[in-house]
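Here is a short briefing on one protein chain. Look at the fold before reading on.

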Amino acid sequence: MFAVDEPQKALKLAGTRVLSLTGTVRASILVHMARGAVVVVGGTSGIGLGIATAYASRGRDVVITGRNADRCDEAARGIAGPGAVSWRTFDLAEPQTIGAALESLGEIAHLVLAAIERDQNTVADYDVARAVRLVTLKLVGYTEVVHALAPRLSSEASILLFGGQALRRPYPGSTTITTVNGGIEGLVRTLAVQLAPVRVNAIHPGIVGDTPEWADKPESVLEAVRARTPLGRLVTTEEIVGASVFLLENGGVNGVNLEVDGGWMLQ
Ligand SMILES: NC(=O)c1ccc[n+]([C@@H]2O[C@H](COP(=O)([O-])OP(=O)(O)OC[C@H]3O[C@@H](n4cnc5c(N)ncnc54)[C@H](OP(=O)(O)O)[C@@H]3O)[C@@H](O)[C@H]2O)c1
C-alpha cells in the first residue's frame, strides 16, 4: 500500500510494476500532492488528533490548534513524525481573534475543521449563552478560519469540515448540535462554489466509539446505537481518518457531505 501524497515512496514501493503505469496515471499521482502544510483546527483530541497523526506519519508538516497552549503542546509532542508538528491557539467562539492567531502560517495543502464544544440544550430549557457559543464556533468560527487562510491555500488544496449524524437523528439535548450540523451541509456548498477550484467536503460521523467523548459512555447507551447499526458495532476513529484522507486527497470529490456511520441511518 502507498499513499498518493508520497509519490517517490509510491514509485519505489511499486517496484517493477511502475513500468506498467501509463504517463497519465503517473502524472495524476504527482499532481494530487498539494503543496503546503496540513492544518487541523481541533487537532488536540479525538478525530482531529487522529488526522494530524496520520499526516505527520506520512511526512507532512502539520499544524494543530486548540484553545489552550499546554494542551496543544502536549498533543503535538505525542504525535510521532517524521512530519514537523507545530500549534496555534484560539477560541473559535471568539472569531475576531482568529485572523491574528493564524497570521504566521505559510502555504496550506489541506485544512481540516474538526473542533467542537458540545452543548446539551433543549427548547424547554433553552440556554441562550451556550447555544450562541456553539453556533458561533461551528458556523462563524469555521468560516472565519477559511476566510483567514483562503489566500494561503495552494491551487490543489482541499478543505474538510465536520458535522455529525445528530443532523439526521436528533437526541435529547441535541437542539443546537442538530441545527449547526445542518449549517455544515450548507457551508460545504457555498464554500465549494466560492473557493473553486479548491475542493470542500464534509464528514458526518455516527457515534465514533473510541473517541474521548464516547469511550466512557454507559454501555446501555452504546448498545442501543450498536443495535440499530447494520455493522453491529460503532465506527472507529481509524475509519473516520481513512474517510478524511480520501476526501482531502481525491481530486474528483467536491461538495460532498459524506455520512460515515456504519449504516446507522438505515434502520
Ligand atoms: N466523536 C464522535 O463520535 C462524533 C460524532 C459525530 C460528529 N463528530 C464531530 O467530529 C468532530 C471531532 O469530534 P471529536 O469527538 O473527535 O472531538 P473532541 O475529541 O471533543 O475534540 C474537540 C477539539 O476541538 C477543540 N475545541 C473545542 N472547543 C473549541 C473552541 N471553542 N475553539 C477552538 N477549538 C476548540 C478541542 O481543543 P482543546 O480542548 O484542546 O481546546 C479539541 O481539539 C467534531 O466536529 C464533532 O462534532 C464527532
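The points below go from the whole chain to one residue.

This is a predicted model; local features need pLDDT of at least 70, side-chain atom pairs count only at pLDDT 80 or more, and totals for chains, interfaces and linings use all residues. Residues are numbered from 1 along each chain as its sequence is written.

**Overall fold**
- The chain has 10 helices and 7 strands. These are DSSP runs numbered from the N terminus: helices are H or I, at least four residues, and strands are E, at least two.
- The chain holds 267 residues, and 38% of them count as buried. Buried means 20 or more other C-beta atoms within 10 Å of a residue's own, exposed means 12 or fewer, and partly exposed lies in between, with C-beta atoms placed from the backbone.

**Nonpolar core**
- The largest nonpolar core has 64 residues. Such a core is a set of buried Ala, Val, Leu, Ile, Met, Phe, Trp, Tyr and Cys residues joined through C-beta atoms within 7 Å.
- Val40, Val62, Ile64, Leu113 and Leu161 touch the most other members.

**Ligand shell**
- The ligand is surrounded by 28 residues, each with its C-beta atom, placed from the backbone, within 6 Å of it.
- The closest are Gly42, Gly46, Gly66, Arg67 and Gly164.
- Helix 3 (46–57) and helix 8 (212–215) are the elements that give two or more residues to this shell.

**Ser155**
- Ser155 lies in strand 5 (residues 153–162).
- Why is Ser155 exposed? Ser155 is exposed because it has 8 other C-beta atoms within 10 Å.
- Val198 is 43 residues away along the chain, yet its C-alpha atom and that of Ser155 are separated by 6.6 Å.
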